Amino acid sequence: MKQSNSCPNCGASISDLDVLRLIYRVACLETGVDSRTELAKVFEDRIIRCGSPISPTALGVGSVTELAALFIGDIGAMRIRAQTFEDFTSRNCVRGYQSRIRGKLWHLFVRNFQPLDDDFRANALSQLEELNNPKVAASILRINPAARPPDLINGKEEVVKVARKFGRPRKAYTVRIIKSVGRAVEFVDELYVSYAGSGVDRFWALLNEVEIKTAGAARGFRKQIGRSQFRVGAEGVREVEMTVEGFKRPVRVVPERLVFSTRATVRNAVTLLSNNEWALLPGEQRRCCTELLSAGDQAGLYVYSGFQYQSTSRGYGESYCLVTLPVPVSYIDALVNALWPRSSE
């Protein structure tokens with residue numbers, strides 16, 4: 001059944017198709033501020049009505065108004081490939097845009113889930129200690145007194161010596177690999193990084209990699225994580241570009257200046273529950289998690305999260321921690337349908 005809402009301006013009924021028509025106009029820049037304002041108000045109304053217990057605060061914004069404005073900005077910056085409104089509202093086209101919104105919403109939720117970020121920062125600090133002060137365990141020294149910590153390597157798998165200490169961990173987003181031909185491809189979703197030295201002589205350490213995927217895409221974790229370090233040093237890679245906290249401009253690093261520890265690389269994969277997985281949980285647990293989510297109780301929700309170590313199936317033989325937050329995809333999809341409805345059922 002198509003969702004229908006009252007138009008915030010005149011109270012008249014507005015269908016899902018009307019919402020898509022407004023989105024199309026804003027995306028194609030056919031109209032000015034009035035259409036953006038109208039669409040923002042429609043979004044606000046639909047977000048409030050959608051019934052998802054995920055609040056704007058959980059997504060890193062202060063209100064429904066700010067959440068609506070965030071996606072209005074994204075729509076205004078979109079590149080629409082559809083030549084006509086009919087193409088724009090085709091099933092495949094709508095599903096593609098919904099997938100993008102679903103991914104963004106889940107990224108926002110994970111990025112602002114403080115207990116998990118505390119774990120990632122602690123992991124980064126632990127690896128920082130390994131980079132700055134590597135040690136050999138006493139049990140190994142008893143067997144082999146001449147044992148030494150492994151050398152650091154760069155993105156080209158060459159041994160490197162770093163004279164300066166690496167500083168405090170910093171968050172990095174929008175991490176991309178820039179090919180020698182200038183083409184950019186996504187690397188990982190988030191990182192904690194650190195640097196040693198200054199200016200062009202800086203070495204950058206990738207301390208804690210985080211991949212974030214919704215339930216349907218989570219099957220790709222093993223392949224992507226297993227090949228992440230390989231991709232940095234692959235032939236034709238010019239540099240890695242990332243937005244780092246504390247830096248006004250994107251940071252660009254050539255593979256020779258990227259540093260890895262061979263025994264302390266920390267990688268994580270974060271996902272949520274499919275609707276089937278959610279349905280298999282005890283009813284009391286589902287009720288409790290929903291209430292915690294509605295109340296914005298991240299610490300309480302964290303208790304029900306799952307943590308499982310797995311190994312990659314391709315590329316390097318990496319181990320990573322699979323984190324499953326107790327949120328069903330249906331709660332995300334309620335917001336997706338509010339922001340980008342289906343044209344028909």
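Figure 1. A residue is called buried when its relative accessible area is under 20%, exposed when it is over 50%, and partly exposed in between. Y302 has a relative accessible area of 23%, so Y302 is partly exposed. F307, at 40%, is also partly exposed. All views in this set show a predicted model. A pair of aromatic rings is described by the distance of the centres and the angle of the planes. For Y302 and F307 the ring centres are 5.7 Å apart and the planes stand at 65°, which means that the pair is edge-to-face.

**Figure 2. Y195 and F247 pair across separate parts of the chain.** By the rule used for ring pairs, there are 13 aromatic pairs. One of them joins Y195 and F247, with 5.8 Å from centre to centre and 80° between the planes, an edge-to-face arrangement. Y195 belongs to strand β7 (residues 190–196), while F247 is in the loop between β9 and β10, so the pair ties together parts that lie 52 residues apart in sequence. Y195 counts as partly exposed because its relative accessibility is 21%. F247 counts as partly exposed at 23%. The ring of Y195 also has the charged end of R202 over it, 4.4 Å from the ring centre.

**Figure 3. Strand β9 pairs with β5 and with β10.** Six of the eight residues of β9 (residues 237–244) are buried, so the strand is largely enclosed by the rest of the structure. Strand β5 (residues 170–179) runs antiparallel to β9, and the two pair over six bridges. In this pairing A172 stands opposite V244 of β9. The pairing of β9 with β10 is antiparallel as well, over three bridges. Here E241 has R252 in β10 as its bridge partner. β9 and β10 make a hairpin with six residues between them, and G246 in the turn has a positive phi of about 95°.

Figure 4. V254 is partly exposed, with a relative accessible area of 35%. Apart from neighbours within four places in sequence, V254 is in contact with R238 and E239. The C-alpha atoms of V254 and I177 are 9.8 Å apart, although 77 residues separate the two in sequence.

**Figure 5. L22 is a buried residue of helix α1.** Helix α1 covers residues 16–27. L22 counts as buried because its relative accessibility is 4%. Leaving out neighbours within four places in sequence, the contacts of L22 are I14, S35, E38, L39 and V42. V42 is 20 residues from L22 along the chain, and their C-alpha atoms are separated by 9.5 Å.

Figure 6. The largest nonpolar core has 75 residues, of which F43, I54, W106, F109, V270 and W340 touch the most other members. Helix α5 (residues 91–111) gives the most to this core, with nine residues.

**Figure 7. An aromatic cluster and a mostly covered helix.** W340 forms one aromatic cluster with Y24, F85, F88 and Y97. Helix α13 (residues 329–339) has nine of its 11 residues buried. Among them are V329, Y331, I332 and D333.

Definitions and conventions. Residues are numbered from 1 along each chain as its sequence is written. This is a predicted model: local features need pLDDT of at least 70, side-chain atom pairs count only at pLDDT 80 or more; totals for chains, interfaces and linings use all residues. Side-chain values use heavy atoms; hydrogens and water are left out. Helices (H or I, at least four residues) and strands (E, at least two) are DSSP runs, numbered from the N terminus. Buried means under 20% relative accessible area, exposed over 50%, partly exposed in between (1.4 Å probe, protein chains only). Contact means heavy atoms within 4.5 Å. A nonpolar core is a set of buried Ala, Val, Leu, Ile, Met, Phe, Trp, Tyr and Cys residues joined through side-chain atoms within 4.5 Å. Two strands pair if DSSP finds at least two bridges between them. Rings of Phe, Tyr and Trp (its six-membered ring) pair if their centres lie within 6.5 Å; planes under 30 degrees apart count as stacked, over 60 as edge-to-face and the rest as tilted. A charge sits over a ring if NZ of Lys or CZ of Arg is within 6 Å of the ring centre and within 35 degrees of the ring normal.
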